Amino acid sequence: MLLSIKKRKENIIGIFFCLFVLLGCQTEEKRYDYHIELPQPSALIKESNAILLKGEKTIVELEKYFKDPLFIDSVGIVTDKIKHTFYIDEKKLDLTTIETPPFLSIISFRIDNYTYNIPIKRSNLNTAKENQLSSLKIKSSKKGKIKIEAQKKPEKVLAFWDNYAISSEINGSDIIISIPSNAQDVEKSNIKIYANHKDGFFEDLNI
């Protein structure tokens, strides 16, 4: 009889333990909205920044972004106001602006069936409004999301986790960054945020 009661208690404890683990796992999964597929191995150099346009022509040294630029299969830019041309050695890229480009845009490189996105920032047009950088500051961070307060209403936001494009949205004067579940698998990572308002840029934010 005593053994039966003891066994029953052990079973009940076991059930509660399983429920605890199951609920804990579900809570952890719900912290992140999505997962991004990463190339193995990556063709990117980890420490890289946005491409800054310098006037009508900008030379991009691809070795600052990729381990071996010769493996680049194709290039695409989301705006038709920037044209690209490879140099003969295929290690440099010439970017030519046709008209005034947007403050922020994306250039995509295809390597081994994977698309790498790199932000492009246009240089200031020497106007007083553009030269005054507005600030971004972290408002809160929870449940796999970072809320950022902008000094002015943002028009466009580009967010990158370890140089991979991640989800972002604008909600009034706030920017909400969704962290991919990949972040829980690494000890140290970096989030870079580029944003502009109607008159110019915000300061780049590194988290």
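K57 lies in strand β2, which spans residues 57-61; strands are DSSP runs of E of at least two residues and helices are runs of H or I of at least four, both numbered from the N terminus. The structure is a predicted model, in which local features need pLDDT of at least 70, side-chain atom pairs count only at pLDDT 80 or more, and totals for chains, interfaces and linings use all residues. Residues are numbered from 1 along each chain as its sequence is written, and side-chain values use heavy atoms, with hydrogens and water left out.

The relative accessibility of K57 is 53%. K57 therefore counts as exposed (over 50% relative accessible area; buried is under 20% and partly exposed in between, with a 1.4 Å probe and protein chains only). Leaving aside residues up to four places away in sequence, K57 touches D94, L95 and T96, a contact being heavy atoms within 4.5 Å. The C-alpha atoms of K57 and T96 are 4.7 Å apart, although 39 residues separate the two along the chain. The K57 side chain makes polar contacts with the side chain of T96 at 3.2 Å and with that of D94 at 3.4 Å (pairs of N or O atoms within 3.5 Å; within protein, one must be able to donate a hydrogen and the other to accept it, and residues adjacent in sequence count only if both atoms are side-chain atoms).

The chain as a whole contains 2 helices and 15 strands. Of its 207 residues, 39% count as buried. Among contacts between residues at least 6 apart in sequence, 61% join residues at least 24 apart.
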